[in-house]
Amino acid sequence: MGALPVFRWRLAPDGYATRRQLRARGLRPGGQEVAAQLERPRRRRGPLVAYLYRLDLAKPVRPMTPARWAALGKANAARRRCPACQEDAGCVIPTSLGTCVPCAYPDPHGSEGST
């Protein structure tokens, strides 16, 4: 395969799309190679690059099966469970903390703080 065609930002011809654009249309690349790339110039840094795929070779997104929904639910539940106290944090635990907020910043005055 030779060099990829390079297009300037917003000047790609019809028939090409990025992954996000494919997903918005309910499509996926489907194993095809990158067909072209977009470059957006920036000052004092290298250009931003976006890879393009051909629309005519894209395939429909695979539907979610009950097993995939169950696996997604378990994965999201694991992201909410604190590894320190094993409680459900009520939201996704930030990776910067690694634990729920009460475990990361324990109250020095106990639970009956002043009001």
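# Contacts, strands and cysteines

Student: Leaving aside its neighbours within four places in sequence, which residues is Ala36 in contact with?

Tutor: Contact is taken as heavy atoms within 4.5 Å. With neighbours within four places in sequence left aside, the residues in contact with Ala36 are Leu4, Pro5, Phe7, Tyr16, Ala50, Tyr51 and Leu52.

Student: What kind of model is this?

Tutor: Residues are numbered from 1 along each chain as its sequence is written, and side-chain values use heavy atoms, with hydrogens and water left out. Local features need pLDDT of at least 70, side-chain atom pairs count only at pLDDT 80 or more, and totals for chains, interfaces and linings use all residues, since this is a predicted model.

Student: Which residues make up the largest nonpolar core?

Tutor: A nonpolar core is a set of buried Ala, Val, Leu, Ile, Met, Phe, Trp, Tyr and Cys residues joined through side-chain atoms within 4.5 Å. Buried means under 20% relative accessible area, exposed over 50%, and partly exposed in between (1.4 Å probe, protein chains only). The largest such core has five residues: Phe7, Ala36, Leu38, Ala50 and Leu52.

Student: Which elements give two or more residues to this core?

Tutor: Strands (E) are DSSP runs of at least two residues, and helices (H or I) of at least four, numbered from the N terminus. The elements giving two or more residues to this core are strand S4 (36-42) and strand S5 (45-54).

Student: What is the order of the strands in the open sheet?

Tutor: Two strands pair if DSSP finds at least two bridges between them. S1 and S4 run parallel and are joined by three bridges, and Val6 has Gln37 in S4 as its bridge partner. The open sheet has four strands and mixed pairing, in the order S1-S4-S5-S2.

Student: Which strands are at the edges?

Tutor: An edge strand here pairs on one side only. That description applies to strand S1 (6-8) and strand S2 (16-17).

Student: Is Cys82 buried or exposed?

Tutor: The relative accessibility of Cys82 is 1%. At that value, Cys82 counts as buried.

Student: How many disulfides does the count come to?

Tutor: A disulfide is a pair of cysteine sulfur atoms within 2.5 Å. The sulfur of Cys82 has its closest cysteine sulfur, in Cys100, at 3.6 Å, which is too far for a bond. The sulfur of Cys85 is likewise too far for a bond, with its closest cysteine sulfur, in Cys103, 3.7 Å away. By this rule the count of disulfides is zero.
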